[in-house]
Amino acid sequence: MDSPFPFDLRADHARLAGDIRSTQQRMAEIRATAESDDGLIGVTVGGAGELLELTLDPRIYRTTDAAALARDIAGTVHRAVERAEEEGLAIVASLLPPDATPATTDLRFDPLLHELDRRSAR
């Protein structure tokens, strides 16, 4: 019996599921690092921007400006997160419109939604 659909739904689903699993694995492997301008703070974040490692050089204790230290840590984490987002976007670029950017894309869902839209339009 011929399918009423112009494509094989099960095969398409299996390919999409495999693509998503592969993408999830690659995203989970992202490790992005950044260092503060003075080199006293180092951070590593994962693909979702989660802080994995924070390294503080003992020289940070030479000044007692806790607010400045907090700003430097936050800024360094932010730079690492931006790098992780760029890596993530590179991983899913083939599943997104060409104008996608980290600022306009939810890397967890937009690739899936865009690919579902693309496949259902066939």
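User: With which residues is Thr-44 in contact, leaving aside its neighbours within four places in sequence?

Analyst: This is a predicted model, in which local features need pLDDT of at least 70 and side-chain atom pairs count only at pLDDT 80 or more, whereas totals for chains, interfaces and linings use all residues. Residues are numbered from 1 along each chain as its sequence is written, and side-chain values use heavy atoms, with hydrogens and water left out. Thr-44 lies in strand S2 (strands, E, of at least two residues and helices, H or I, of at least four are DSSP runs numbered from the N terminus). Counting as contact any heavy atoms within 4.5 Å, the partners of Thr-44 beyond those neighbours are Arg-31, Ala-32, Thr-33, Glu-50, Leu-51, Leu-52 and Glu-53.

User: Is Thr-44 buried or exposed?

Analyst: Buried means under 20% relative accessible area, exposed over 50%, and partly exposed in between, with a 1.4 Å probe and protein chains only. Because the relative accessibility of Thr-44 is 14%, this residue counts as buried.

User: Where does Asp-37 lie, and is Asp-37 buried or exposed?

Analyst: Asp-37 is found in the loop that joins strand S1 (31-35) to strand S2 (41-46). Its relative accessibility is 79%, so Asp-37 counts as exposed.

User: How far apart in space are Asp-37 and Gly-47, C-alpha to C-alpha?

Analyst: In sequence, Asp-37 and Gly-47 are separated by 10 residues. Between their C-alpha atoms, the separation in space is 23 Å.

User: Which residues beyond four places in sequence does Thr-23 contact?

Analyst: Thr-23 belongs to helix H1. At 16% relative accessibility, Thr-23 counts as buried. Once its neighbours within four places are left aside, the contacts of Thr-23 are Ile-91, Val-92 and Leu-95.

User: Which residues does Val-92 contact in turn, leaving aside its neighbours within four places in sequence?

Analyst: Thr-23 and Val-92 are in contact. With the neighbours of Val-92 within four places set aside, its contacts are Thr-23, Met-27, Leu-107 and Pro-111.

User: Which residues of H3 are buried, and which on its other side are exposed?

Analyst: The buried residues in H3 are Pro-111, Glu-115 and Arg-119. They lie on the same side of H3 because they cover an arc of only 60° around the axis, taken from the directions from the helix axis to the C-beta atoms. Exposed on the other side are Asp-117 and Ser-120.

User: Which helix supplies the largest share of the lining of the largest pocket?

Analyst: A pocket is an open set of points on a 1 Å grid where a 1.4 Å probe fits, with protein on both sides within 12 Å along at least five of seven lines, and lining residues have an atom within 4 Å of a point. The largest pocket holds about 500 Å³, and among its 21 lining residues Met-27, Asp-106, Leu-107, Arg-108 and Phe-109 are the closest to its centre. At least two lining residues come from each of helix H1 (9-28), helix H2 (66-92) and helix H3 (110-120). The largest share, 5 residues, is that of H1.

How values were computed. Points joined across faces, edges and corners; volume = space filled by probe spheres on them.
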